[in-house]
Every structure is written in structure tokens, then in C-alpha cells.
Amino acid sequence: PLPMPGCPTNAESPVHWQLKGTIGQAALHHAWVVTSAGQWLRLKPQQTLLAGRWRVEQVLEGRVILKENQGDPACPAAEDAVVLTLGKHKEEK
């Protein structure tokens, strides 16, 4: 089915974000990403993004896992998880 008007678009997802680095220790890592609009963000675990539609699931050394929060059932998700790794745009999960 086609998404309803007002549903988030692919531009409002982290699919094309790039991971630029991670830092921290086993208990807590932070990540730096660049959005598709060129904005730099510092991410930490459990942080919400994009008006609460996405959540940082895990930040590991060289890798970030982002999960889509349950949204409107009328708006199908293109992807429910995005894994960003250093040197790559994304991996599908």
C-alpha cells in the first residue's frame, strides 16, 4: 500500500547518514554521524531522533544501530532498523 499523506519520507530517516566515528568505553560509547543534510550529530544509546520516530539502539566501536519506534500503523516503515558502520553508508538488517 502507498503511504498516507503526512507519513515520514525516506529523507526523514537515517538511511543515508554516515558514521564518522565512535568513542567511549564498554559501558558507554558515543557516535558522531553526518546527516544527509550535512548536519553533525553526537549520538548516545537510547537517544531519540527525528521527532522521536527513531531511537539509538546501540553504539559500539565502529558501529551504530538505529531502530524505528512504533509509528502510525497507516505509515508503513521502509526499514525498521539501520546499521551504520565506519566507511559505509548503511547495512540493512
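A: Start with one residue. K67 lies in strand β6. Strands are DSSP runs of E with at least two residues, and helices are runs of H or I with at least four; both are numbered from the N terminus. Residues are numbered from 1 along each chain as its sequence is written. This is a predicted model, where local features need pLDDT of at least 70, side-chain atom pairs count only at pLDDT 80 or more, and totals for chains, interfaces and linings use all residues; side-chain values use heavy atoms, with hydrogens and water left out.

Q: Is K67 buried, partly exposed or exposed, and what are the cut-offs?
A: Buried means under 20% relative accessible area, exposed means over 50%, and partly exposed is in between (1.4 Å probe, protein chains only). K67 has a relative accessible area of 28%, so K67 is partly exposed.

Q: Which residues is K67 in contact with?
A: A contact means heavy atoms within 4.5 Å. Leaving aside neighbours within four places in sequence, K67 is in contact with R53, W54, R55, E57, D80 and A81. Take R55 from that list. K67 and R55 are twelve residues apart along the chain, yet their C-alpha atoms are separated by 5.4 Å.

Q: How many salt bridges does the structure hold?
A: A salt bridge is a side-chain nitrogen of Lys or Arg within 4 Å of a carboxyl oxygen of Asp or Glu. The structure holds one. It joins the side chains of R55 and E57, at 2.3 Å from N to O. R55 is partly exposed because its relative accessible area is 22%. E57 has 28%, so E57 is partly exposed too.

Q: What does the secondary structure come to?
A: Zero helices and eight strands. Along the sequence the pattern reads β-β-β-β-β-β-β-β.

Q: Which residues have the most contacts inside the largest nonpolar core?
A: First, the idea. A nonpolar core is a set of buried Ala, Val, Leu, Ile, Met, Phe, Trp, Tyr and Cys residues joined through side-chain atoms within 4.5 Å. The largest one here has 15 residues, and L43, V64, L66 and L84 have the most contacts inside it. At least two residues of this core come from each of β2 (28-34), β3, β5 (54-60), β6 (63-68) and β7 (81-85). The largest share is three residues, from β5. Now look at L43. Not counting residues up to four places away in sequence, L43 touches H29, H30, A31, V33, L49, V56, V59, V64 and L66.

Q: Where does V59 lie, and what does V59 touch?
A: V59 lies in strand β5. Its relative accessibility is 6%, so V59 counts as buried. Beyond residues up to four places away in sequence, V59 touches T22, H29, H30, A31, L43, K44, P45 and V64. V59 and A31 are 28 residues apart in sequence, but 6.6 Å apart in space, C-alpha to C-alpha.

Q: How much of the protein do buried residues make up?
A: Buried residues make up 32% of the 93 residues. For contacts with a separation of 6 or more, 33% link residues 24 or more positions apart.

Q: Why does W32 count as partly exposed?
A: W32 sits in strand β2. W32 counts as partly exposed because its relative accessibility is 32%.

Q: What does a positive phi tell me to look for?
A: Most residues other than glycine have a negative phi. Here, Q46 has a positive phi near 70°. Q46 is in the loop between β3 and β4 (48-49). A51 is not a glycine either, and has a positive phi of about 60°. A51 is in the loop between β4 and β5. A51 counts as exposed because its relative accessibility is 75%.
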